[in-house]
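Please read the following briefing alongside the sequence and the 3D structure.

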Amino acid sequence: MKHVGIVGGGIIGLSSAYYLQQAGYQVTIFDQTVIADGCSYGNAGMIVPSHIIPLAQPGMIAKGLRWMLDSKSPFYVKPRLNADLMKWGWLFYKHSTEKHVEASIPALRDISLLSKTLYQQMADTLDMGWHERGLLMLFKTPSAAHEMQHEADVANAAGIEAQLLNPDQVQSLEPDVRVTVAGAVYYPGDAQVVPTQVMSSLITHLKQSGVTFKEAKEVTGFTRQGSRVTAIETTAGAFPVDEVVIAGGAWSSEIVKQLQLSLPLQGGKGYSFMLKDVKQNVRVPAIMLEARATATPMGGDLRFAGTMEIAGTDMSVNMNRVQGIAESINQYYPDIPVQLPAKNQVWKGLRPCSPDGLPYLGRLNNYENVVIATGHGMMGLSLGPATGKLVAEVIADQPLSMSLTAFAPNRFD
Ligand SMILES: Cc1cc2nc3c(=O)[nH]c(=O)nc-3n(C[C@H](O)[C@H](O)[C@H](O)COP(=O)(O)OP(=O)(O)OC[C@H]3O[C@@H](n4cnc5c(N)ncnc54)[C@H](O)[C@@H]3O)c2cc1C
């Protein structure tokens, strides 16, 4: 039986293990932590086929520069004299074009829809908190209304249903909470999970299926013979493997450097916090557009999330930005009793952000047995199952469920 070593036990690593194990491989997952609280745990839990426009898009640079001047704003690039960041910024700028958006839409739509179907199948046997209630993109201002109308048109043209709602229509979807908006775009095809449930159900299932977990073992390098990796080197010694999957989230560019390769990738830090036991809760997961903050009901609780700080792998919590999220909520849901959480109650995570907003998925050119699966940015949870299935298909050399051309890991070489 061939042995696959997966670097990283986030949603991408676990999903890859799920499909590799089903395909008959012996699988070991290596993680530098005891897997319990990475980026795949505290996120907003939204499964978003609606997100077909990549982050690198026209107007994003100008918006980002305006937001940079506001310490509570939802977007920030920590200025650093760092060659990796400068290269990433240049590539982001180069891809913020209409042409790139048009070329990306079919690829993002196809991988998202594939992933949703696979989640539906997984949810038959795994407890994930799966619900199909759609997604509301709430807006208050004319400029956001304009932006949303355009996005809705783009989505409908691509075959993703989007409905423009007036305030009364929004309110009728939310019978238990008052919503004060100018309107919303409703994506009925979106879904949600409870991320901690997804992760713990997958881990339990994988352990029962014979997948080995090597936790608290940092991967420090790779033993190579020519163009093959023969072993994964860790702080607890070297482990022989036949195939390697690098699914190290925001740390993947550091991991890939051990193979003398460069992968443009930055951590996009975000925060979340939970309001417990909410009596009158939100029903439909929502993005508060001007604030770029999210609200997701999870059981009786309500999770708020937001901000994107391009800050490498820095994990410190900036309370100004958390305050920005907290202050925005009552502008949309005026009766929800939200308060600024204590710093130690704030969860933080690093989205692995590629500069063109598309994942990296496929074999590395220079190595015959290394697959990379990262760079999913704001959509990693959504795209986990499809990524895992595609990783397994690549390794087994089977026909692919979809083309991976747009996601080629070496596309910036
Ligand atoms: C605030 C916020 C809200 C979000 N909301 C959503 C959402 O609603 N929907 C959605 O689809 N996505 C969302 N995301 C994005 C999503 O959470 C990420 O894209 C996803 O979790 C990335 O998964 P991953 O497996 O690639 O990385 P991770 O979950 O970060 O896993 C990578 C793992 O690799 C390990 N690792 C790294 N280096 C090494 C090493 N050298 N040796 C061993 N192990 C290593 C790390 O310890 C980590 O466990 C959100 C993110 C944030 C921050």
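This is a predicted model: local features need pLDDT of at least 70, side-chain atom pairs count only at pLDDT 80 or more; totals for chains, interfaces and linings use all residues.

**Ligand site**

- The ligand is surrounded by 36 residues, the closest being Asp31, Ser40, Val219, Gly377 and Ser382, where a residue is near a molecule if one of its heavy atoms lies within 4 Å of it.
- Of the 1,000 Å² of accessible area that the ligand has on its own, the protein covers 96%, with areas taken from the Shrake-Rupley method and a 1.4 Å probe.
- At least two residues of the shell come from each of helix 1 (11-22), strand 14, strand 18 and helix 10, and strand 18 gives the most, with four residues; helices (H or I, at least four residues) and strands (E, at least two) are DSSP runs numbered from the N terminus.
- By residue class the shell divides into 17 nonpolar, 15 polar and four charged residues, with Ala, Val, Leu, Ile, Met, Phe, Trp, Tyr, Cys and Pro counted as nonpolar, Asp, Glu, Lys and Arg as charged, and the others, Gly among them, as polar.

**Salt bridges**

- The structure holds 15 salt bridges, each defined as a side-chain nitrogen of Lys or Arg within 4 Å of a carboxyl oxygen of Asp or Glu.
- In one of them, aspartate 335 pairs with arginine 178 at 3.0 Å between the closest N and O atoms. Aspartate 335 lies in the loop between helix 9 (319-332) and strand 18 (347-353) and arginine 178 in the loop between helix 6 (167-173) and strand 7 (183-187), so the pair ties together parts that are 157 residues apart in sequence.
- Aspartate 335 is partly exposed at 48% relative accessible area, as is arginine 178 at 44%; buried means under 20%, exposed over 50%, and partly exposed in between (1.4 Å probe, protein chains only).
- Glutamate 309 and lysine 269 meet in a salt bridge at 3.9 Å, N to O, which links strand 17 (residues 301-310) with strand 14 (residues 266-275), 40 residues apart. Glutamate 309 is buried at 5%, and lysine 269 is buried at 1%.
- A network of salt bridges links Lys269, Glu309, Asp314 and Arg321.
- Aspartate 356 and arginine 411 form a salt bridge at 2.8 Å, N to O; aspartate 356 is buried at 3%, whereas arginine 411 is partly exposed at 23%.

**Aromatic pairs**

- There are seven aromatic pairs, counted for rings of Phe, Tyr and Trp (its six-membered ring) whose centres lie within 6.5 Å, with planes under 30 degrees apart taken as stacked, over 60 as edge-to-face and the rest as tilted.
- One of these pairs, tyrosine 119 with tryptophan 130, is stacked, at 5.6 Å centre to centre and 25° between the planes.
- Tyrosine 119 belongs to helix 4 (residues 98-125) and tryptophan 130 to the loop between helix 4 and strand 5 (135-139), and both residues are buried.

Methods:
Residues are numbered from 1 along each chain as its sequence is written. Side-chain values use heavy atoms; hydrogens and water are left out.
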